[in-house]
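Thanks for making time, everyone. Please have a look at what I'm putting on the screen.

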Amino acid sequence: MEYSTSSLINSFQHKEEHTTLFNHQISARIRLATELDVPNLHKLVTQMAEYHGLSQIFTTTETSLYNNLFKSPNPPFHSPTALILEISPNPFPQTNHTTTTNFVPIIKNNYNFDNLEILDHELETYRSKFNGHGHDNSNNCDVYVAGHVLVYPSYNGLFEKPGLFLDQMFVRKCYRGMKFGKLLFSAVAMQAEKMGMGMVDWLVANWNEETINFYEKMGAHYIPDYRLYTLYGDQLQAFGKKSD
């Protein structure tokens with residue numbers, strides 16, 4: 001579909017420095033993260049930690065993200081893997097390649113939202129550097145990062161097949177309410193099914209009632225009689241040294 005200059009101006013208007021307003025339409029793409037995404041990924045996981053009130057235990061750095069996501073010899077989804085949600089006022093090109101484990105980008109072009117305006121005060125700081133070929137393209141496209149998911153392979157001895165654990169799913173505040181979270185979750189579920197896995201599991205905060213309702217409507221199973229425990233930092237080191 002072709003767009004005139006005037007239609008693009010209407011759908012993507014710069015209001016002030018570092019602030020952009022999307023009007024009437026927006027396109028979205030979910031793709032595998034690359035090394036170029038590490039700075040934006042670090043900003044996203046930092047915001048997620050703040051959102052959940054976990055800043056006091058947050059220790060992730062750009063270096064640790066790079067090492068954990070991109071230094072493994074295993075292919076994506078067989079080691080910690082990140083997916084990036086990008087948005088643009090322009091349609092994303094479609095891709096046709098498919099493999100057994102590689103993630104095929106999910107593209108939803110031309111979301112229409114006539115009654116909704118999106119004001120992103122951090123837009124320029126989240127400009128995407130990905131150009132589709134793994135090269136830096138930060139100055140040549142109107143593509144911006146709006147969210148992410150982090151997943152890694154999991155196994156539960158009670159079930160026949162392994163699965164994916166969805167460790168993080170985050171959409172920046174100004175892009176919530178547009179079903180981008182559902183799109184991200186669907187991307188993970190589709191990949192697990194494609195790889196012949198048996199499940200996707202995750203955690204959700206008790207206070208996040210809106211998200212809990214979404215998961216229940218999806219048909220996800222809630223396990224109320226279990227608690228998550230985490231041993232980390234000095235306590236992990238101290239207990240790891242005990243022999244009795």
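Predicted model: local features only at pLDDT ≥ 70, side-chain atom pairs only at ≥ 80, totals over all residues.

How many salt bridges does the structure hold? Six. Let me take you through some of them.

Start with D37 and R31. They form a salt bridge, and their closest N and O atoms are 2.8 Å apart. Are these two buried or exposed? D37 has a relative accessible area of 1%, so D37 is buried. R31 is at 3%, so R31 is buried as well.

Next, E122 and R172. Here the closest N and O atoms are 4.0 Å apart. E122 sits in the loop between β4 (106-120) and β5 (144-154), and R172 in the loop between β6 (163-171) and α4 (180-194), so this pair ties together parts 50 residues apart in sequence. R172 is buried, at 1% relative accessible area. E122 is partly exposed, at 35%.

Now R127 and E124. Their side chains meet in a salt bridge, 3.1 Å from N to O. R127 is buried, with 17% relative accessible area. E124 is partly exposed, with 28%. There is a network as well: salt bridges with shared partners join R29, R31, D37 and E86.

Last stop, the surface. Which residues form the nonpolar patch? L54, I57 and Y232 do, with about 260 Å² of accessible area together. Find L54 in the loop between α2 (38-51) and α3 (62-70). L54 has 39% relative accessibility, so it counts as partly exposed.

That's the tour. Over to you.

Definitions and conventions: Residues numbered from 1 in each chain as written. Heavy atoms only, no water. Patch = residues over 30% accessible without salt bridge, like charges linked within 9 Å, V, L, I, M, F, W, Y side chains within 5 Å. Areas by Shrake-Rupley, 256 points an atom, 1.4 Å probe, with all protein chains shown as cover. Helix = DSSP H or I, 4+ residues; strand = E, 2+ residues; numbered from the N terminus. Buried < 20%, exposed > 50% of the residue type's maximum accessible area, 1.4 Å probe, protein only.
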